[in-house]
Amino acid sequence: MQLKNKLLISVAGSGKTTYLVRQALSVNDSVLITTYTEANEKEIRKKFYEFNGGIPANITIQTWFSFLLQHGAKPYQGSIYDGKINGLLLVNTASGINFKNKMGISIPFAEEKNFEEHYFSKSGKVYSDKLSKFVIRCNEKSAGIVVQRLSKIYKHFFVDEVQDLAGNDLEFLKLIFKTSMNTILVGDPRQVTYLTHHERLNSKYKDGNIKQYIIDKCSKYCAIDEETLRFSHRNNAEICNFSSKLFPYLEKSIPCECSECRSFPNDHSGIYIIKSSDVEKYKSKYNPVILRHQLAVAPEWNFGNCKGLGFDRILIYPTRPIIQYLKTGLLTKTVKEKGKIKEQNALDTAKFYVALTRARYSVAIVFDYTNDIFIDGINKYTIN
């Protein structure tokens with residue numbers, strides 16, 4: 001039996017947003033497209049203007065939180081809450097904290113005893129990390145009317161950058177799968193630079209592990225496609241091979257063979273280490289876009305903010321962990337915490353992956369090497 005819901009696992013530069021836009025343009029029924037960040041929402045709108053000259057009346061585009069507020073929280077909030085929802089409070093850490101215990105651990109207000117404090121700030125704004133949970137509670141108390149109403153409004157439900165969803169977001173997707181809507185999810189598990197929240201529920205499926213969530217909990221409702229968006233239309237073979245090393249447990253990225261993607265002349269390709277004394281001449285010759293981990297000033301970009309963009313060439317100012325990785329190839333390190341030996345990430349792998357894969361042809365990484373030895377795939381740049 002062919003399932004009506006699909007999760008497409010993508011790689012950088014595979015055209016996942018383009019795929020969703022074309023799928024939406026191919027149907028005449030009502031379509032909702034949602035994504036986590038406002039930047040990606042704007043990118044989706046931009047794609048519609050590129051391909052269609054505008055956004056058809058049957059297609060709605062919203063950020064994830066805006067969608068949950070409009071179609072999940074507000075229509076049926078009366079089933080669980082009599083107050084007024086004064087919007088959303090975006091939080092980066094656990095919200096609704098009651099106190100810290102003697103161990104310094106934050107203890108939240110309990111949902112059962114302190115419902116309002118659990119979900120809302122003092123100004124009446126719902127915490128972003130509790131919004132999907134609130135919507136699920138509304139659906140439970142209204143006998144499923146929340147998702148029933150949604151399925152009457154939209155025939156198709158598309159999610160871009162689905163790897164950013166976590167916790168109760170995944171539980172809400174499960175409810176969507178069981179409706180009559182046709183659902184398409186697209187995402188690159190390597191590009192988890194944001195998370196909607198950090199709750200304990202489904203914590204083993206965070207960091208882009210939505211594929212395993214589908215396998216474990218939704219296999220009867222949703223199919224997984226790892227082939228359609230496996231080919232990068234941006235990165236060349238050197239960049240595909242090198243960036244794939246950061247996620248050895250996932251399928252490797254493969255450069256496409258499209259004539260329109262590979263027909264441009266190129267006299268400089270690959271991954272390079274470049275000394276700071278050579279940077280100005282390199283910039284003059286190749287005009288790379290500058291990427292930094294943070295504190296970038298326009299026209300430079302921070303790693304996290306350049307997701308979705310593509311450039312011919314980039315020049316990266318690396319962090320110390322990145323340099324260590326380039327020397328050792330180790331993605332984790334052993335640390336001692338409270339007397340216990342643990343493994344933790346040696347670098348922010350997702351952001352480094354995003355940075356590397358912005359380039360079509362070449363990546364230069366600034367480091368004043370001497371006799372340093374680097375992992376395979378790296379060349380030492382010399383001025384000709």
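Modeller: Glu280 is exposed, with a relative accessible area of 54%; exposed means over 50% relative accessible area, buried under 20%, and partly exposed in between, with a 1.4 Å probe and protein chains only. This is a predicted model, in which local features need pLDDT of at least 70 and side-chain atom pairs count only at pLDDT 80 or more, while totals for chains, interfaces and linings use all residues. Residues are numbered from 1 along each chain as its sequence is written, and side-chain values use heavy atoms, with hydrogens and water left out.

Glu280 sits in helix α11. Helices are DSSP runs of H or I with at least four residues, strands are runs of E with at least two, and both are numbered from the N terminus. Glu280 lies 196 residues from Lys84 in sequence and 57 Å from Lys84 in space, C-alpha to C-alpha. The loop between α11 (279–286) and β14 (289–292) holds Asn287, which counts as exposed at 64% relative accessibility. Asn287 and Leu315 are 28 residues apart in sequence, and their C-alpha atoms are 9.1 Å apart. Pro299 is placed in the loop between β14 and β15 (301–302). The peptide bond that joins Ala298 to Pro299 is cis, with omega near 10°.

Two other loops each hold a non-glycine residue with positive phi. Ala143, in the loop between α5 and α6, has phi near 60° and is exposed, at a relative accessible area of 63%. Glu161, in the loop between β8 (156–160) and α7, has phi near 55°. At 5% relative accessibility, Glu161 counts as buried.

Two packed helices are described by the angle between their axes and the distance between the axes. For α5 (residues 131–141) and α6 (residues 145–153) the angle is about 95° and the axes are 6 Å apart; axes are lines fitted to C-alpha atoms, for helices over the stretch in contact, and angles run from 0 to 180 degrees between N-to-C directions. α5 and α6 are therefore roughly perpendicular to each other, a term for 65 to 115 degrees, with under 35 roughly parallel, over 145 roughly antiparallel and the rest oblique. Val135, Cys138 and Asn139 of α5 meet Ile145, Val146 and Val147 of α6, where contact means heavy atoms within 4.5 Å. The contact of α5 with α6 has five nonpolar residues, one polar and no charged; Ala, Val, Leu, Ile, Met, Phe, Trp, Tyr, Cys and Pro count as nonpolar, Asp, Glu, Lys and Arg as charged, and the others, Gly among them, as polar.

On a 1 Å grid over the protein atoms alone, a cavity is a set of points where a 1.4 Å probe fits but cannot get out, and a pocket is an open set with protein on both sides within 12 Å along at least five of seven lines; lining residues have an atom within 4 Å of a point. Grid points are joined across faces, edges and corners, and a volume is the space filled by probe spheres set on the points.

The largest pocket has about 970 Å³ of space. It is lined by 35 residues, of which Gly13, Gly15, Lys47, His233 and Arg234 are the closest to its centre. Two or more lining residues come from each of α1 (16–25), α2 (38–52), α10 (259–262) and β19 (359–366), and α2 gives the most, with six. By class, the lining of the largest pocket has nine nonpolar, 13 polar and 13 charged residues.

There are two cavities of 30 Å³ or more, and the largest cavity holds about 50 Å³. Ile9, Ser10, Val11, Arg190, Glu226, Arg230 and Glu251 line the largest cavity; two of its lining residues are nonpolar, one is polar and four are charged.
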